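Welcome, and please have a look at the two chains below. The report that follows walks through them step by step.

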Amino acid sequence: MSREKFLRYALPALALIFALFAWEATVRINDIQPVILPSPSLILATLIKDWRTLGASLVVTLTLTLEALIAATIGGSLLALVFAQFKVVERVFFPFAVIMQVTPVVSIAPLLLVYLSSGAAVLVCSFLVAFFPILSNTALGLSSVDHNLLDLFQLYRAPRYRQLLWLRIPSALPYFLGGLRIGGGLALIGAIVAEIAAGSAGQGAGLAFRIVESGYRLNIPRMFAALLLIAVAGISIFLALSALSYFLLHRWHDSARTREQ
Amino acid sequence: MTFANPDWKETPAASPSPSRLARLEGVGKTFANGTVALTGVNLEVRRGEFLSLLGPSGCGKSTILRLLSGLTKVTAGWINWAEKDPELGFVFQEPTLMPWANVFDNVWLPLRLKGLSRAAARPQIEEVLAKVGLAGFSKAYPRELSGGMKMRVSIARALATRPAILLMDEPFAALDEITRTKLNDDLVALKCELDATVVFVTHSVYESVYLSDRIVVMAPRPGRIVAEILVTAPLPRDEDYRLCAEYAERCRATSAALHEAMAPGANGSAHK
């Protein structure tokens with residue numbers, strides 16, 4: 001294995017394994033009760049034992065997050081396109097966009113729960129937090145076009161929609177993908193926060209509810225198992241969006257370029 | 001300003017029957033913020049000539065190109081074209097390529113905007129890429145190319161529509177000396193082969209004398225034309241031309257005109 005590969009893959013993996021061993025050892029040596037701090041092995045065992053409940057909740061949370069993210073992607077990029085085409089619309093909507101963006105989602109969750117059913121409220125919360133980074137990044141990208149290229153399109157008398165399709169949208173793609181990666185992480189956070197605020201139980205309960213529930217029952221190993229699944233969900237979303245970004249940009253954009261050392 | 005020409009063998013008429021392609025009459029350009037970029041510009045662009053606009057920064061030479069290309073409008077005077085809606089080619093100081101598109105698609109752009117499909121445009125694109133020395137590079141992406149090669153793509157794109165006039169805004173200013181010399185020679189060869197009309201903005205005296213049939217020297221604040229210098233040696237020229245007396249003479253004359261243009265209180269005295 002080359003030194004570079006070792007540093008890149010093996011070292012972080014070893015560090016993680018070492019931390020898990022240290023955790024396991026600390027719990028065993030000091031005989032810490034699971035209700036205070038469960039060992040990694042116990043968390044894993046709990047995850048397997050409770051998989052039926054936790055797995056179902058994972059599906060609920062992931063489905064919700066993805067629905068919100070897809071809605072935010074479509075809504076955010078379409079609104080950015082409208083902003084780019086009609087400056088007036090941008091001027092009109094911008095104050096609303098800023099107000100919605102700077103207000104923490106936790107603070108509006110209770111209000112949404114008053115207006116909407118708990119499932120819909122969670123979806124809207126998740127949507128709102130993912131929506132704004134996608135909107136603002138895409139809007140920035142659509143207006144960050146090489147001025148000489150704009151001149152060139154004007155010189156060849158390109159109609160506006162061609163300029164949008166062939167110039168502004170490809171120019172905005174890296175910005176949009178950046179916004180999507182931020183939005184993907186935030187959609188999960190939004191879904192979790194809203195669900196904790198909603199406290200919805202029963203069939204449609206997501207991972208956040210499992211955490212709250214485990215807290216009430218002092219079932220700490222299960223709480224950790226649910227946390228682990230949330231972390232895995234977050235990592236999966238991040239990796240999937242990074243892969244999408246690489247796939248779309250690696251031929252031409254500097255962000256996806258590997259540098260010769 | 002006319003020079004006797006003892007050293008240069010053939011002295012053709014400036015260019016064979018120089019018919020007018022465009023004429024700027026009393027052209028002025030004042031920007032919205034009140035800056036006077038150009039004032040009282042009278043200039044003729046003749047078919048098939050290599051015309052250089054030379055001057056210090058802020059003298060409005062790029063503005064003339066933008067006016068000719070229709071990217072901005074005159075605020076005084078007018079521009080007369082010999083033909084209606086002439087086909088234009090523009091080369092910017094930067095290569096200005098679309099980074100997400102390969103060489104082929106970049107050159108295709110102006111043709112595509114005219115409604116030519118990829119297949120219909122292919123022969124034209126391959127021909128023009130071969131002309132600029134980039135045959136076989138059509139699949140490369142801009143970031144895989146050197147600065148000089150990107151510039152060649154930019155020139156190919158400008159030539160793809162077979163323009164009546166090629167407008168070039170300091171196209172090689174950012175390139176190294178060796179690349180620039182090579183591109184200059186290739187540009188002139190291409191110009192002769194296509195019998196194209198070129199308007200070339202530069203701030204290099206030597207470049208302008210080596211390349212041009214005619215040099216227009218401009219002065220800043222406000223931008224105006226102060227001198228016109230003819231270089232009669234036929235194009236293309238080679239390295240030997242840089243050693244002949246006419247070259248030295250024209251460089252000296254051009255430098256003097258430029259010097260005068262930049263002198264404080266210069267008022268554009270007759271230099272013609």
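B:Pro236 sits in the loop between β9 and α7 (245–262) of chain B. Helices and strands here are DSSP runs, numbered from the N terminus: helices are H or I with at least four residues, and strands are E with at least two. The bond joining B:Leu235 and B:Pro236 is a cis peptide bond, with omega about -5°. B:Pro222, for its part, is found in the loop between β8 (214–219) and β9 (224–230) of chain B, and the peptide bond from B:Arg221 to B:Pro222 is cis too, with omega near -10°. As background, most peptide bonds are trans, and most residues other than glycine have a negative phi.

Before going on, a note on what you are looking at: this is a predicted model, where local features need pLDDT of at least 70 and side-chain atom pairs count only at pLDDT 80 or more, while totals for chains, interfaces and linings use all residues. Residues are numbered from 1 along each chain as its sequence is written, and chains are lettered from A and ligands numbered from 1 in the order in which they are written.

## Positive phi angles

B:Thr96 is not a glycine, yet it has a positive phi of about 55°. B:Thr96 belongs to the loop between β5 and α2 (103–113) of chain B. Is B:Thr96 buried or exposed? It counts as buried, with 22 C-beta neighbours inside 10 Å. The cut-offs, with C-beta atoms placed from the backbone, are these: a residue is buried if 20 or more other C-beta atoms lie within 10 Å of its own, exposed if 12 or fewer, and partly exposed in between.

In chain A, A:Leu218 also has a positive phi of about 55° although it is not a glycine. Its place is the loop between α9 (207–216) and α10 (220–249) of chain A. A:Leu218 is exposed, with 10 other C-beta atoms within 10 Å.

Chain B has seven helices and nine strands. Its radius of gyration is 19 Å, close to the 19 Å that the globule rule gives for 272 residues, so chain B is as compact as a globular protein of that length. That radius is taken over C-alpha atoms, and the rule is 2.2 Å times the number of residues to the power 0.38. Buried residues make up 39% of the 272 residues in chain B.

Chain A, on the other hand, comes to ten helices and zero strands. Along its principal axes, its C-alpha trace spans about 75 × 60 × 25 Å. Of the 261 residues in chain A, 35% are buried.

## Two helices packed together in chain A

How do α3 (residues 51–85) and α8 of chain A pack, and at what angle? They pack at an angle of about 145°, with their axes 9 Å apart. Axes are lines fitted to C-alpha atoms, for helices over the stretch in contact, and angles run from 0 to 180 degrees between N-to-C directions. Among the residues that meet are A:Leu64, A:Ala68 and A:Ala72 in α3(A), and A:Phe176, A:Gly183 and A:Ala187 in α8(A). Two residues are in contact if their C-beta atoms, placed from the backbone, lie within 7 Å.

By class, this contact of α3(A) with α8(A) has ten nonpolar, seven polar and one charged residues. Ala, Val, Leu, Ile, Met, Phe, Trp, Tyr, Cys and Pro count as nonpolar, Asp, Glu, Lys and Arg as charged, and the others, Gly among them, as polar.

A:Gly179 is also found in α8 of chain A. A:Gly179 is buried, with 28 other C-beta atoms within 10 Å. Leaving aside residues up to four places away in sequence, A:Gly179 touches A:Pro133, A:Ile134, A:Asn137 and A:Thr138.

## Where the chains meet

14 residues of chain A are in contact with 14 residues of chain B. On the side of chain A that touches chain B, α7 (147–155) and α8 (160–198) of chain A each supply at least two residues, and α7(A) gives the most, with six.

Within α7(A), A:Leu149, A:Leu152 and A:Phe153 are buried. What covers the buried residues of α7(A) includes α8 of chain A together with β5 (88–91) of chain B. Just after α7(A), A:Arg157 takes a positive phi of about 55°.
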